[in-house]
Amino acid sequence: MDLRALLQRFDGRSRLLLHSLHSGAAGASNAQTVFNKQRRSDPDFTLNPLLETLCQQEPCVHEDALVLKPLVCLFSEGFKRNLLCFLHLLHPGLPKDHVLHLLQCLTQDDVENQWTCVLIKQLQRDIEGTRKGTLLTSDGTGKLKSFCERFRNTNAKGKWAYCFEDLETEDKETNMPVLSQKKRKSDNMDHDGDAQEDHQSKRVKTDFCPSEEEERLTEEEEPKIRTSQLQQSAASVSQARSDVLGSSTNLPDHMKAAVPVIKELLDTESAWDECSVSALKVFHECDPNEVEVLCSMLCLSEASEQSLPQFCSCLLELSPDLSHSTASAVITHLLLPKILSLAEPASRCLVTAVMSLCTRYPRPTCQALIEPVLRKGQTESAQAEVLCRLVVDCLEPHHRLLVFRTILGVPWDEGVLSVIHALLDSELELSEEDFSLFTDQLCSQSPHFSKSMKFAKMLLSVLTKYQSHVNPACHHTLSSCLSFNETFLKKSLQAALKRISL
């Protein structure tokens, strides 16, 4: 049965979603966009009719026999994968029984695509809240066990090459000449591996499945391993510094002369005076490339947090101010690594340094510090706390708006929600377009934060402080957001929405 005939079984709005799911690799994302628009125009719209129709039995010919199959099984593998990804995005707001019934229908068919099998199992796990069983197929499980057994065999000849021997044999049988070349390369590995020391080969073979001998590492062996790793790391750092020193040959002599003076002050944490400030004037004379070399030579990323307030204070005494590019480079080298590595609340010294530079250089701070932290994903609470302080205490309204627009294009997590809430509490001056884009993002994110109190409080802030921005279209969008909410604030949110007069 062709696609056109299949689509005739569905209503008009469902057909729009199905067409989106057929749009290649971006099918799931496109379908989510279409669904959000449908929810905005009709907050009561649900996927139930679509899911029910996909589960309906349809006669079809299979192996010269007429059989009944669920309608979803007649679609292509690409459609099924996109459908599963789409449902994974929205399942917190969908009826569990409908989605589970659809998954049962999909498993009735002989699913040959292993990726589709994994998606089915993962979605079922997420809905049921269990982690029973494995996502691997029986064939995949068997291959993995066999592979691990090869690593356990300490007498195996050829080391790594032996572990891949069967895989290469299978490649020969399927007539794949390109992979056959890899066989010849692995033969070379065979000879090289035999020439290595026994201890080294045992370490390689047991990386995946440790042997009993390795589990009994003595306390003397473990420090040796750690020492070796530290030596390798130190060698890498040394090489990187050598590269920087090579680049430093292009710096003028007076810039090179300023490096040891500044570095000694950073390293010793001694008191800075007018001479120290005078040494920092070298930043005024650098072009963008020279600034990068200079920051690397000074090892600003390794400066102790105790030295930061004094160093930043001297930077602020420079007249005229640093250029945008120079300030951005200094912030990137001096502060960004320390903020990105925060796993606990920032020290007073670090917070003081960040806030002082942010107050003087707000736009470079937004671009060189705040934006990279937000874009990296998985914003830690300690990082979010620093960003919230910058937003509230250091940035002007137009710079807050810059951060707000950045947030609309980054992945959201609990840390990002804290920053958004801080921005909203500062009473942003949002244009109609900004607020519309924000509500669209709220709608797409609401299924992922259905049980989040931070998200619910943020919605409440939107409904109480930004009532004048809510037009009919945004009202529909916000109503759609609330339908996903599962916190005890849901009734308060619905009441706040009803109080908004259009």
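How many cavities of 30 Å³ or more does the structure hold? The structure holds one.

This is a predicted model, in which local features need pLDDT of at least 70 and side-chain atom pairs count only at pLDDT 80 or more, while totals for chains, interfaces and linings use all residues. Residues are numbered from 1 along each chain as its sequence is written, and side-chain values use heavy atoms, with hydrogens and water left out.

**Overall make-up**

The protein chain has 29 helices and two strands. Helices (H or I, at least four residues) and strands (E, at least two) are DSSP runs, numbered from the N terminus. Of the 502 residues of the chain, 43% count as buried. Buried means under 20% relative accessible area, exposed means over 50%, and partly exposed lies in between, with a 1.4 Å probe and protein chains only. A contact means heavy atoms within 4.5 Å. Among the contacts in the chain with a separation of 6 or more, 71% come from residues 24 or more positions apart.

**The cavity**

Rolling a probe the size of a water molecule over the atoms shows where empty space is left. On a 1 Å grid over the protein atoms alone, a cavity is a set of points where a 1.4 Å probe fits but cannot get out, and its lining residues have an atom within 4 Å of a point. Grid points are joined across faces, edges and corners, and a volume is the space filled by probe spheres set on the points.

The largest cavity contains about 40 Å³ of space. Its lining is made of Cys366, Gln367, Ile370, Glu371, Leu374, Leu402, Val403 and Thr406. Helix 22 (362-375) and helix 24 (397-407) are the elements that give two or more residues to this lining. Helix 22 gives the largest share, five residues. By type, the lining residues divide into five nonpolar, two polar and one charged. Here Ala, Val, Leu, Ile, Met, Phe, Trp, Tyr, Cys and Pro count as nonpolar, Asp, Glu, Lys and Arg as charged, and the others, Gly among them, as polar.

**Nonpolar cores**

In soluble globular proteins, nonpolar side chains tend to be buried together. A nonpolar core is a set of buried Ala, Val, Leu, Ile, Met, Phe, Trp, Tyr and Cys residues joined through side-chain atoms within 4.5 Å. The largest core has 98 residues, and Phe283, Leu334, Leu390 and Trp412 touch the most other members. Leaving aside residues up to four places away in sequence, Phe283 touches Leu294, Cys295, Leu298, Leu315, Leu322, Thr326 and Val330. Another core, of 36 residues, lies apart from the largest one and includes Ala31, Phe75, Leu87 and Leu119.

Leu54 is found in helix 4 (residues 48-54) and is buried, at 0% relative accessibility. Not counting residues up to four places away in sequence, Leu54 touches Phe10, Pro70, Leu71, Val72, Phe75, Leu83 and Leu102. The C-alpha atoms of Leu54 and Leu74, 20 residues apart in sequence, are 9.5 Å apart in space.

**Aromatic pairs**

The structure holds seven aromatic pairs. Rings of Phe, Tyr and Trp (its six-membered ring) pair if their centres lie within 6.5 Å; planes under 30 degrees apart count as stacked, over 60 as edge-to-face and the rest as tilted. Two of the pairs are listed below.

| Pair | Centre to centre | Angle of planes | Type |
|---|---|---|---|
| Phe75 and Phe79 | 4.3 Å | 25° | stacked |
| Trp412 and Phe438 | 6.4 Å | 45° | tilted |

Trp412 lies in the loop between helix 24 and helix 25 (414-425) and Phe438 in helix 26 (residues 432-445), so their pair ties together parts that are 26 residues apart in sequence. Trp412 is buried at 9% relative accessible area, and Phe438 is buried at 0%. Phe75 is also buried, at 5%, as is Phe79, at 1%. Phe10, Phe75 and Phe79 form one aromatic cluster.

**Backbone details in loops**

The peptide bond from Ser319 to Pro320 is cis, with omega near 0°. Pro320 lies in the loop between helix 18 (308-316) and helix 19 (324-334).

Cys299, a residue other than glycine, has a positive phi near 55°. Cys299 sits in the loop between helix 17 (288-298) and helix 18 and is buried, with a relative accessible area of 14%. Glu427 also has a positive phi, near 60°. Glu427 is placed in the loop between helix 25 and helix 26 and counts as exposed, at 59% relative accessibility.

Technical notes: 1 Å grid on protein atoms, 1.4 Å probe; cavity = no way out; pocket = protein on both sides within 12 Å on 5 of 7 lines; lining within 4 Å.
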